[in-house]
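Okay, thanks everyone, let me put this one up on the screen. I'll walk through a few helices and a couple of single residues.

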Amino acid sequence: MKKDTKTIIASDLPANVRTGLDLKSIKQDVMENLEYVLAKPAAMRTLSDHYLAVAYSARNRMIKHWSHTVEKFFTTKSKAIGYFSAEFLIGPQLKRNLISLGIYDTMSQAVGELGMNLNDIIEHEPEPGLGNGGLGRLAACYMESFATLGIPAIGFGIRYEHGMFHQKFRDGWQIELTDNWLSLGNPWELPRPERVYNVFFGGHTERHTGADGSERVKWIPGRIIRGVAYDTPIIGYNVGTAGMLRLWKAEAHESFDFQDFNTGDYYGAVEMKITAENITKVLYPNDEQLQGKQLRLEQQFFFVSCSLQNLIEMHLLKEKTLDNFNETFAVQLNDTHPAIAVAELMRLLVDVHNLDWDRAWRITQNTLSYTNHTLLPEALEKWPLPLFAGLLPRHLEIIYEINQRFLDHVVSIGLHQNVSLSNVSLIEETGGKYVRMANLACVGSHAINGVAELHTELLKNHTLRDFYTLMPEKFSNKTNGVTPRRWIVLCNPRLTGLINEKIGDGWIRDLDRLRELENFADNQEFLAKWWLVKQNNKREQAEYVLKKTGVVLNTDSLFDVQVKRIHEYKRQHLMVLHIITLYNRIKKNPNIDIPPRTFIFGGKAAPGYYMAKLIIKLINSVAEVVNSDPDIGGRLKIVFIRNFNVKIGHRVYPQADLSEQISTAGKEASGTGNMKFSMNGALTIGTLDGANIEIREEVGADNFFHFGLNAQEVQELKASGYYPMDYYQNNQELREVIGLISSGIFSNGDTGLFKPLVDSLLYDDRYMLMADYQSYLDCQEKVNRTWKNQVLWTRMSLLNVARMGKFSSDRAIREYCRDIWKIPLENQP
């Protein structure tokens with residue numbers, strides 16, 4: 001490797017090595033990091049050392065912006081956001097931070113002169129294991145938009161040591177391996193060992209009379225866990241502001257027992273340490289067993305309690321009273337996981353800071369707001385009452401009190417005749433008692449929002465109907481968005497360059513300006529360049545797939561992509577039915593005219609979700625047969641990209657021609673992958689579900705491939721009696737496809753392997769694949785016809801990108817600021 005051997009003398013040194021943005025400063029900073037921070041002689045330096053040195057240099061330049069933002073918050077009356085989320089899928093940070101600082105090209109030159117390669121360094125960066133899917137990615141996009149828009153914000157969550165899991169395949173089955181993302185260190189985080197809070201679990205409560213004569217409650221915990229803060233700056237794009245991601249690590253209150261050790265009980269001496277640290281070991285532990293449920297509840301309360309204690313402490317540094325706490329902080333609950341914040345904030349205000357109930361309740365409601373992200377009943381968390389009482393006895397008392405006061409209020413104003421009190425109660429009492437966390441969030445927040453127009457309407461009319469009847473003023477819609485800085489600028493530099501060439505770079509901070517591209521929708525020269533960008537992206541992806549899997553991809557084929565969490569309602573298996581249909585047609589008529597397609601899958605199944613794992617096995621099994629069948633002649637190719645994450649998403653979204661958004665209508669809250677694909681020029685085939693509806697409205701129905709039942713039709717069909725076997729019996733191709741799966745052709749003759757999946761489709765079909773199958777096939781034929789017209793397809797692709805302004809996370813954050821958090825935005829586009 002080439003070394004920079006030039007001797008540097010004092011007069012050569014730049015004025016500000018740590019913060020300068022010039023080549024000389026950056027180069028010197030990287031060299032000093034290698035020599036003094038990492039303390040590695042040149043002969044011993046590895047790619048990891050190069051990555052850390054470059055990352056520290058970028059972080060040095062971010063700290064100034066971060067410090068300025070924090071200082072401004074504490075010296076002005078500005079209001080900040082506390083964004084509470086169980087996930088922050090922030091993705092690799094190096095390239096994003098270099099772009100946001102405006103030093104990507106300078107850093108590339110600097111490390112090149114030092115004998116390093118910036119692309120290799122970026123590729124080496126591990127994926128932070130802090131999230132799983134859309135929920136965590138949304139939170140990360142919002143954190144970036146906070147910073148870019150200059151809004152003070154802290155994202156609060158958990159510093160998972162091992163993330164979810166690293167996905168591999170063995171004989172086509174998903175295998176979960178430990179995700180050791182922290183094994184080589186995390187240069188972006190700043191440990192704060194002095195920022196520690198105690199979190200109580202178990203024990204009992206005692207009542208006593210306070211100095212003012214009122215009854216007070218003291219929680220005597222059974223055990224105490226310490227939460228230690230780790231901070232990560234989140235810098236805005238081309239601005240002087242930064243936000244902060246504050247993640248909590250669990251530690252034992254006493255990590256070592258000398259008495260146990262000295263008596264020979266070596267495990268007992270460190271038992272408290274092991275038990276405490278389990279809380280922040282893994283994202284979403286399998287909760288099929290009671291121990292898993294307890295750990296998930298412990299995780300949620302742990303990070304919520306630490307975060308609220310921290311916010312109260314910060315508020316009291318600025319103000320003398322907690323009465324205006326909600327004027328200093330707005331706390332957004334990102335889905336139901338942090339809903340325990342309602343009871344915990346009440347406990348802190350009433351028990352710790354001695355506020356009376358009514359004052360505390362006013363502050364709590366005015367501080368908290370709740371984003372619902374799901375329509376699936378199983379995702380609206382509820383906890384068995386005995387588990388909750390054993391873990392959080394004081395909070396159960398508070399929840400009982402909130403519930404009683406709430407129900408009494410409903411009765412007192414006469415609305416109990418319009419709603420079911422049992423539905424809105426915080427305690428479920430049918431088939432065992434449970435604490436309902438979504439209900440708690442609804443009662444304890446001043447605002448409730450869905451994340452797409454359809455989703456919000458379904459919340460109001462079905463999932464949370466009784467709450468909407470009682471408090472319609474709380475409900476609003478805030479359609480999700482994604483940051484174009486990562487999902488176009490970072491991941492698709494070819495497209496970014498082409499757009500900048502025509503309309504400048506103002507769209508990067510004002511995505512509505514992409515509309516200017518419509519002026520070139522009929523410019524043949526520009527369309528040819530647009531097509532070439534996509535083809536070059538596909539060639540790059542093909543080289544990557546060949547390197548990783550050995551599968552050769554035809555870059556002239558249509559790249560048909562579905563990457564998302566594996567779940568029956570997302571219907572990856574409907575896409576498989578289409579593949580098998582095409583396979584069957586070719587086998588029956590080898591001369592049939594079918595445009596070549598490359599089917600690309602990616603996504604993880606929850607470890608305890610057997611049917612999702614069986615779908616993965618089916619995809620891989622069909623791929624094994626189709627990819628090796630000489631009759632297919634390369635016209636169909638199937639790739640399942642293992643361990644899909646943000647880094648892989650950088651590669652996948654820019655190369656897709658067709659985006660599969662085919663969930664059962666009324667099941668997907670919003671989706672954000674659909675937005676990322678469209679922003680990168682993929683056309684969508686999809687149901688009228690989640691944000692698909694709004695994407696179709698924006699890009700135009702002629703530029704969107706729509707199929708299937710809508711949400712109302714799904715409900716009506718189920719209500720009238722849905723019999724999937726009728727669709728099976730009346731569709732010859734569907735019978736043949738199901739027959740091929742059952743025959744064992746994709747399972748080495750094992751006719752029972754996929755029987756649970758086949759039986760679920762024929763006798764239950766909860767997600768209505770049989771009903772949508774023919775409509776899906778007909779729509780795919782329309783896709784084929786359009787694909788054959790390259791100019792038409794490219795024009796539709798351009799119009800998709802041009803009309804995606806609504807789906808910027810900047811727009812979403814502005815709406816939250818205006819309608820929910822009541823934060824004025826000045827000088828924003």
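Let's start on the outward side of H27, where Gln712, Ala719 and Ser720 are exposed, meaning over 50% relative accessible area, with under 20% called buried and anything in between partly exposed (1.4 Å probe, protein chains only). Before I go on, this is a predicted model, where local features need pLDDT of at least 70 and side-chain atom pairs count only at pLDDT 80 or more, while totals for chains, interfaces and linings use all residues. Residues are numbered from 1 along each chain as its sequence is written, and side-chain values use heavy atoms, with hydrogens and water left out. The helices (H or I, at least four residues) and strands (E, at least two) are DSSP runs, numbered from the N terminus.

Back to H27, which spans residues 711-720, and its buried residues: Ala711, Val714 and Leu717. Looking down the axis of H27, the buried residues fall within an arc of 130 degrees, so they line one face of the helix. That arc is taken from the directions from the helix axis to the C-beta atoms. And what covers them? Among the covering elements are helix H17 (453-463), helix H28 (724-729) and helix H31 (769-787), with contact meaning heavy atoms within 4.5 Å.

H4, residues 104-113, can be read in that way too, with Met107, Ala110 and Val111 buried. Those residues cover an arc of only 90 degrees around the axis, which puts them on the same side of H4. Their cover includes helix H1 (23-37), helix H2 (47-75), helix H3 (94-101) and helix H5 (118-124). After H4 comes Gly115, with a positive phi near 85 degrees.

Now the helix pairs. Two packed helices are described by the angle between their axes and the distance between the axes. The axes here are lines fitted to C-alpha atoms, for helices over the stretch in contact, and angles run from 0 to 180 degrees between N-to-C directions.

H20 (residues 493-503) packs on H21 (residues 524-549) at about 165 degrees, with the axes 9 Å apart. That makes H20 roughly antiparallel to H21, a label for angles over 145 degrees. From H20, the contact takes in Arg494, Leu495, Leu498, Ile499, Glu501 and Lys502, and from H21 it takes in Phe526, Lys529, Trp530, Val533, Asn536, Asn537 and Glu540. By class, that's six nonpolar, two polar and five charged residues. For the classes, Ala, Val, Leu, Ile, Met, Phe, Trp, Tyr, Cys and Pro count as nonpolar, Asp, Glu, Lys and Arg as charged, and the others, Gly among them, as polar.

H29 (residues 732-743) and H30 (residues 755-763) pack at about 150 degrees, axes 10 Å apart. H29 and H30 are therefore roughly antiparallel to each other. Ile738, Ile741 and Ser742 of H29 meet Val758, Leu761 and Leu762 of H30. This contact of H29 with H30 has five nonpolar residues, one polar and no charged.

Last, two single residues. Is Ala339 buried or exposed? At 0% relative accessibility, Ala339 is buried, sitting in the loop between strand E10 (329-334) and helix H11 (341-352). Not counting residues up to four places away in sequence, Ala339 touches Leu333, Met437, Leu440 and Ala441.

Lys293, in helix H9 (residues 290-318), is partly exposed at 26% relative accessible area. Lys293 and Pro384 are 91 residues apart in sequence, yet 9.1 Å apart in space, C-alpha to C-alpha.

Note on methods. Angles under 35 degrees count as roughly parallel, over 145 as roughly antiparallel, 65 to 115 as roughly perpendicular and the rest as oblique.
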